[in-house]
Amino acid sequence: WWGRALLWCVLVAAWEAAWGQLRYSVPEEMPKGSFVGDVAKDLTLKLPALRAREARVFDTGRTQYFVFDLQNGHLSMKERVDREKICAAVAKCVLNFEILVKNPVNLYRGEVEILDINDNSPTFPERNSVLEISEYTAPGTRFPLEKAQDPDIGVNSLQNYECTESTYFTLDVKNGDDGMKYPELILVKSLDREQQAAHNLILTATDRGTPVKSGSTTIKIIVLDGNDNAPEFTQPVYKVTVREDVAVGSRLLQVSATDRDEGPNAEVKYSFFKIPEKFDKTFKLDPESGEIEITQKLNFEEQEFYELDVQARDTGGLSCHSKVLITVADVNNHVPEIVIMSVLSPVPEDTPLGTVIGIFSVQDRDSGANGEVRCSIDGRLPFRLEKTFEDYYRVVTAEVLDREAVSEYNVTVRASDGGSPPLWSSAVLSLRVLDVNDNAPVFAEARYSARVRLLENLPESSLAFQVKATDGDEGTNAEITYSFSDIANSPHHLFTLDSRTGDVKVAGPLDYEEGKYYEVTVEGKDGGGLSAHAKVHIDILDVNDNAPAL
């Protein structure tokens with residue numbers, strides 16, 4: 001079977017690369033490590049480049065179901081998936097994933113549809129049940145039966161009910177407003193307790209999967225003596241709409257039934273009739289007054305509609321049934337959730353416009369306008385938002401960055417929903433701008449206008465003058481090294497230049513009679529290779545160091 005399932009998985013896998021979207025489908029219950037899709041091939045990503053760029057897979061839910069293998073580019077199952085467990089009765093079970101690729105940052109979104117297999121049989125809550133009916137009950141009276149449950153979907157789910165043949169009863173199957181099938185037993189012939197005090201029927205629920213699966217329950221019908229009239233509800237169906245934020249303990253509505261008998265046979269008590277345990281914990285029906293109240297907080301996102309069967313039963317054992325349909329109205333009670341998936345920091349200041357520096361997703365669990373989210377960036381910043389998928393955004397550069405002007409940014413992303421009043425949340429992307437060598441050194445003066453006057457008998461190692469340059473960059477790009485680029489009319493050995501401080505000192509004896517001035521060109525070069533130049537004119541002052549010669 002697994003061999004056929006795996007082949008099926010490969011055959012039905014489909015994908016589309018537009019906007020980085022991938023689509024695959026696999027049957028549920030596939031073993032761990034099963035192949036889902038060839039992501040590298042479908043996105044035309046080369047494996048060596050993919051490994052070098054680093055890639056990670058994110059599942060949008062709280063559980064990670066998939067793994068991405070950088071060695072072969074395949075997406076595979078991380079664990080066995082039970083469709084009924086993760087999607088319940090949802091018609092199309094889809095698990096979303098994202099693959100984040102770095103250097104440069106890119107996000108590919110995909111979805112895997114988990115296909116249903118017929119791995120569940122219809123089951124009844126009880127294997128045996130008892131139904132008490134008065135012998136005076138009129139033919140045509142209907143009796144709702146407990147329905148079976150089948151967590152599969154489509155043809156694999158519950159499709160039909162069948163009942164053993166009886167001259168007194170027939171089975172009718174109705175389609176409820178919630179799409180479920182409801183079996184009802186119809187009395188077609190008057191009962192006679194003295195002739196037959198009990199009837200035994202077998203109710204069977206079947207699906208249409210391959211192979212067909214079924215489940216059964218035994219119904220014992222006990223015929224009661226006496227009590228001529230059964231209770232009657234004032235309405236066949238009660239309907240109410242309630243906000244999901246209604247307080248626990250609130251009264252929803254009141255059902256009411258009357259009985260034309262007198263005395264004890266006219267006393268009616270109310271109860272829910274074989275409703276799911278989950279519903280029984282959410283609502284409480286007062287057996288005396290028929291009032292229904294909420295006992296557990298409602299959640300529109302989990303359950304937006306309830307169909308409850310209620311029963312009114314007199315003390316003589318006769319009963320009638322009605323339905324209560326409860327519609328839950330959504331309220332704006334969920335704040336948008338922002339998930340930062342990737343941030344490129346530090347970002348070089350010469351980054352091209354449109355470069356992705358961050359990716360985030362946003363989700364609001366409300367519905368309709370309450371769940372529609374708008375995102376924005378607070379303040380006047382050199383970034384903009386681009387919407388990539390339905391709930392995904394990327395932050396890109398919109399203006400040229402300049403580290404010398406702003407070296408760090410705290411980009412506040414705000415997500416606001418369409419509720420009234422709107423709910424919002426925010427997240428901060430902290431970015432550091434990385435320096436590039438875009439500033440050359442600048443001397444205090446391009447040409448030192450003041451003449452530097454030196455006595456010709458100045459001792460060696462004396463400080464002649466100092467040059468000073470600054471650089472707007474940082475780090476090694478701002479470290480300046482000084483050097484002579486040219487000394488005219490003089491041997492180089494007369495002066496030395498400290499490459500770190502810019503100090504120019506006398507290195508040899510100065511003689512006015514040999515050189516009255518010198519033009520010195522000083523170069524300042526930063527660690528990134530950019531340079532600047534300054535000129536200094538040095539005048540040598542004569543001292544009386546020569547006696548007259550005859």
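This is a short tour of a predicted model, stop by stop, with something to select at each one.

Before you start, note that residues are numbered from 1 along each chain as its sequence is written. Because the model is predicted, local features need pLDDT of at least 70 and side-chain atom pairs count only at pLDDT 80 or more, while totals for chains, interfaces and linings use all residues; side-chain values use heavy atoms, with hydrogens and water left out.

**The whole chain**

Show the cartoon. You will find five helices and 40 strands, taken as DSSP runs numbered from the N terminus (helices are H or I with at least four residues, strands E with at least two). Of the 550 residues, 44% are buried, meaning under 20% relative accessible area with a 1.4 Å probe and protein chains only (exposed is over 50%, partly exposed in between). A contact here means heavy atoms within 4.5 Å. Among contacts between residues at least 6 apart in sequence, 66% join residues at least 24 apart.

**The largest nonpolar core**

Select Phe233, Val255, Phe283, Val324 and Ile326. These have the most contacts inside the largest nonpolar core, which has 28 residues. Such a core is a set of buried Ala, Val, Leu, Ile, Met, Phe, Trp, Tyr and Cys residues joined through side-chain atoms within 4.5 Å. Among the elements giving it two or more residues are β16 (237–243), β19 (268–272) and β23 (319–329). Centre on Val324 next: leaving aside residues up to four places away in sequence, its contacts include Tyr238, Leu253, Ile292 and Tyr306. For a second, separate core, of 22 residues, go to Val39, Leu45, Val81 and Phe97, which are among its members.

**Aromatic pairs**

Now show the rings. Rings of Phe, Tyr and Trp (its six-membered ring) pair if their centres lie within 6.5 Å; planes under 30 degrees apart count as stacked, over 60 as edge-to-face and the rest as tilted. The count comes to nine aromatic pairs. Zoom in on Phe283 and Tyr306: their ring centres are 4.9 Å apart and their planes stand at 85 degrees, so this pair is edge-to-face. Phe283 belongs to β20 (residues 283–285) and Tyr306 to β22 (residues 305–314), so the pair links parts that are 23 residues apart in sequence. Phe283 is buried at 1% relative accessibility, and Tyr306 is buried at 4%.

Move on to Phe443 and Tyr482. With centres 6.3 Å apart and planes at 55 degrees, this pair counts as tilted. Both Phe443 and Tyr482 are buried.

**Charges over rings**

Select Arg414 and Trp424: the arginine lies over the face of the ring, 3.9 Å from its centre. The charged end of Lys189 sits over the ring of Tyr168, at 5.0 Å from the centre. The rule asks for NZ of Lys or CZ of Arg within 6 Å of the ring centre and within 35 degrees of the ring normal.

**An open sheet and a hairpin**

Colour β25, β31, β30 and β27, which in that order make an open sheet of four strands with mixed pairing. β25 (347–348) and β27 (373–377) are the edge strands, each with a single partner, so one side of each has no neighbour in the sheet. Strands pair if DSSP finds at least two bridges between them. β25 runs parallel to β31 (residues 424–434) over two bridges, with Pro348 opposite Leu434.

Finish at β39 (residues 517–525) and β40 (residues 531–541), which pair antiparallel over nine bridges. Val520 has Val536 in β40 as its bridge partner. Five residues separate the two strands of this hairpin, and Gly529 in the turn has a positive phi of about 100 degrees.
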